[in-house]
Amino acid sequence: MYKPKAGLPTREQILDFIATSDVPAGKREIAKGFGLSAQDKIGLKALLKDMADEGLIDSAPGRAFHKMGGVPKVTVLRIADVDDGGNVWAVPERWEAEGVPPPRLRVRERKRGALGVGERILARTEEAGNGWIAHPMKVLAPASEQVLGVLREDGGRLWLTGVDKRERREFAVADAGGAAPGDLVLAELAGKPPKIAARVVSKLGDPFAARSFSLIAIHKLGIPDVFSQEALAEAERVSKLPLGEGREDLRDVPIVAIDPEDARDHDDAVWAEADDDPANAGGWKAIVAIADVSFYVRPKSEVDREARRRGNSVYFPDRVVPMLLEILSAEVCSLKEGADRAALACHLRIGKDGSLKSWRFTRAVVRIAANLAYEEAQAIIDASSPPALREGAGEGGAPLDAVESQEAPPQTPPVDGRRDMLAVLRPLWACWQSLAKARDARAPLDLDLPERRVVLDEQGRIMSVSPRERLDAHRLIEDYMIAANVAAAKALEAKKAPVMYRIHEPPSREKLMALKEYLETFDVPFALGQVVRPATFNHIIERIGDADFRPQVMEQILRTQTQAYYAPGNHGHFGLSLGSYAHFTSPIRRYADLLVHRSLVSAYGLGEGGLPADDAANMESVGEIISRLERRAMEAERDTTDRYVAAFLSERVGQVMDVRITDVTNFGFFATVEGIGGDGLMPVRDLGGEYFRFDEGARTLTGEHSGDVFAQGQTLELRLAEANPVSGALRFEMPEGKGAAPPMRGGRKPVREIKHRGRPMNIRHKGKRR
C-alpha cells in the first residue's frame, strides 16, 4: 500500500498504483491510497481527466481506472471464441482505446464447456506473461436486445420495422445514427413496455437493392462472410502446391461431374463400367472421385480455422458464402472439365443386386471429362432411347429398361473431348439401376418436397420462382454419393478410426402418438406397438393412394421425423435405412466431410493432411458445433428464399390466388401459394364473425355455428393482402374482404370430406445434401 504523501501524486505514481492495486482503482481508492485531503481531491479529479485526455488511462464501468490499452481489474467480457483445444477466449465488451486492438483474454472456466460464444461474463482479470487471464465471477444477462430492421418515416417520426416475420411490433427510433428512411439498420432496444425505443448502432444499406436479401440473413444470423487477410494469403500460397507424388493416375478414366446448372463448385464426379471379374458377374466397377480438400486445407492452418468457423457453405439465390476461399472452392479444389485435379477416389465394386462388394480409397489425380448439368445428362440419355421405352420405365420417366436393354461394353473407351458422352453415361445409368434395386430393397423414407428455385437476371432482379424439376439424373448422383458415404463410414470402422457420422434417429414416441391421432381424423390406422421403420411411413402413403388428403398426410409424416446431426457415436440413419453413414462427398462445402477425409488419410496412410489427435479426441464437441452451424445455414437459406418469394409476389398484392393450408394454429392458419411457395397468415379474426374452435391433435379450426373446417392440405382461394420482401411475410384475406368466408374447393365440408388439390410433398433431400 502506498504511504500518504503531501500534495498530488505524479502521473507515474498513479499508473503504478492502478497497475498494482488489488481492487478496482477509482478516484476514491486513489485518493485514499495517497492520503489526499478534500482540497487535493479536486486537483486529483482534474489530473485524472488530463491523463485520460492524454491517452494514459481509461475508465471502466463503475468509474474505476486502468492503464490505456490495458484491461480493468474487474470488467465485463464477451466470449469471442472456443478454439480447437476447448480453450475459451474473451474480449472486453467495452473498448475505446483508439488505435489499440482489444486484447484477447484466456478464460479459466470453473466447469469446462460451461461458456459459449456470445455469452457475457463479469470477470476478474490479471496480466500473465505476454497475455491476459480472466477468472469468471458470474454469467451476466444478454446485452441489450438487438433488432435488424428497416427505418420508415410516419408523421415526422422514424420507426423501426424488424426483418423477422415473427416480430409484429414496430419501435420508435430515439437515435437514427445518421441512417435515413428506407435504410436497413442494426439497432439496440432500450426501455420497458410500452415505452421501448430503438437506437441505431449500424447502417447496413438499402434492403431493396438487387442482391440484398441474402445480406439480411447474413447480418441477422451472424454468418461470417469476410475472410481474414492471413487466410487469403495462405490460400493463395497453398493453391500453388504441386499435386504431389504417389497419386494414382486416373486422368485417362472418363470421369464426369453432374451438378445443378447453377453450381458454383464441383465436389464430386463419377464413372462406372461393367465388371470383368467372373466373381462379380453382372456387377459393376465404379469410381466416386471427390475433391482432395484435405491436401490443401491442413489442420490448424488459418484456412482451416476459417472453414471450421463457418461449418459449411451457405447457398443463396444471389450469392454463395463459401466455407473455403474462392481460389480453393471455385478453382483449385473444384473438379473442372479438362483440368488436372487432386482427388480422393473411392473405388467401388457393386453387385448385380446393387450391394457394395468392396471398396478402397486412394489419393489420385483426375482429369474430368465433362461438367454436365443434370438436365444435360438426362437429355443425352433420353435422346438415346425410343419414347416408348422411356414412358413409365422408372420413376421420373427415365429410360431404365432402355438402358438395361442396351449392351454396355465391358470397358468404356476414353472420351474424345465431349463428343461421346453417351458412351460414358450409359454404363453409369445401368450401374445405377443396380444401386436403385438395393435402395428399393432397403426401403428408405420415400418423401420428396419440391425445392423452390429463384431465378435472377444479371441485375439481380427476380425472373421466376418455381419448383426445381426432379430428374432421374438427380437420383443417380444421390445413389452414387450414398454408396460412397457408406463405404467411407465402413472403411473407417474397419480401421477402428474416428468417424464423424451423419445421424438420423427414429421418431420419438411422442411424435408417433401425435401422428397416430392425426391419422385417425382420416380413418387411417397406425399401430404404435410395431417396430417403426421408414417403410412403415411409405406403406401409409401407399395405402392412402391418390386420396385428396395425401399431401397433408405426407407433410405430417415429415413433421414426425427428427433432425439429422453429426456425432462420433453411431446411431444409424433412419431416413436412409442405413446402419453406418458418414458424409464424405462434399468437403468443399461441409466441414464434416473434411474431417472424414482426414480420418481416411490417417487410417490408410495416404500422406499428409491427416486427422490430428486432438480433433480425434474432440469429435463430440466438434460435431455439436457443425450441427448447429448447419441449422444456421438452413435457416438463412430458407429465410432468404422466403424474402425473394415475397418480393416476387409483392407485384401481385390484391390478386386472388390458389393457396394450400400448411399449418393451423389457434390464431389462424398459414397457407402457401400453389406452385410458388411463401408462407402467409390468414388470421382467425378475419374468418368472419363466428367463433372457431381449434383442435390441436387434428390441426383444424372449426366454425361453432357453420361447421366450416380449415385443415392442413386444404386448397382454397384467398386474396393476397400483403407481401413484405424485408421480412418474407405474406398475409391473406378473404376474396370479398375481411370478415367474409373463403370459398373452398368442393364446398364447405367436414375435414374428412374436403376435396384437396396439389402435388405430393416429399421429404426434402436436395440432391447431394442428405
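**Strands, cysteines and phi angles in a predicted model**

Biologist: How many of the five residues of strand β5 (residues 88-92) are buried?

Modeller: Strand β5 is mostly covered. Buried means under 20% relative accessible area, exposed over 50% and partly exposed in between, with a 1.4 Å probe and protein chains only. Strands (E, at least two residues) and helices (H or I, at least four) are DSSP runs numbered from the N terminus. By these criteria, the number of buried residues in β5 is four.

Biologist: On what basis are such features reported?

Modeller: This is a predicted model, in which local features need pLDDT of at least 70 and side-chain atom pairs count only at pLDDT 80 or more, whereas totals for chains, interfaces and linings use all residues. Residues are numbered from 1 along each chain as its sequence is written, and side-chain values use heavy atoms, with hydrogens and water left out.

Biologist: Which residue of β6 is the bridge partner of valine 88?

Modeller: Two strands pair if DSSP finds at least two bridges between them. Strand β4 (residues 74-82) is joined to β5 by five bridges and the two run antiparallel; here aspartate 81 has tryptophan 89 as its bridge partner. Three bridges join β5 to β6 (residues 105-107), also an antiparallel arrangement. In β6, the partner of valine 88 is valine 107.

Biologist: Which residue of β31 is the bridge partner of arginine 693?

Modeller: Strand β31 (residues 700-703) runs antiparallel to β30, and four bridges join them. Within β31, the partner of arginine 693 is threonine 702.

Biologist: How many disulfides does a search of the whole structure find?

Modeller: A disulfide is counted when a pair of cysteine sulfur atoms lies within 2.5 Å. Cysteine 346 counts as buried because its relative accessibility is 0%, and cysteine 431 is likewise buried at 0%. The number of disulfides found is zero.

Biologist: Is serine 577 buried, partly exposed or exposed?

Modeller: Most residues other than glycine have a negative phi. Serine 577, in the loop between β26 (565-567) and α17 (591-603), has a positive phi near 60 degrees. Its relative accessibility is 29%, so serine 577 counts as partly exposed.
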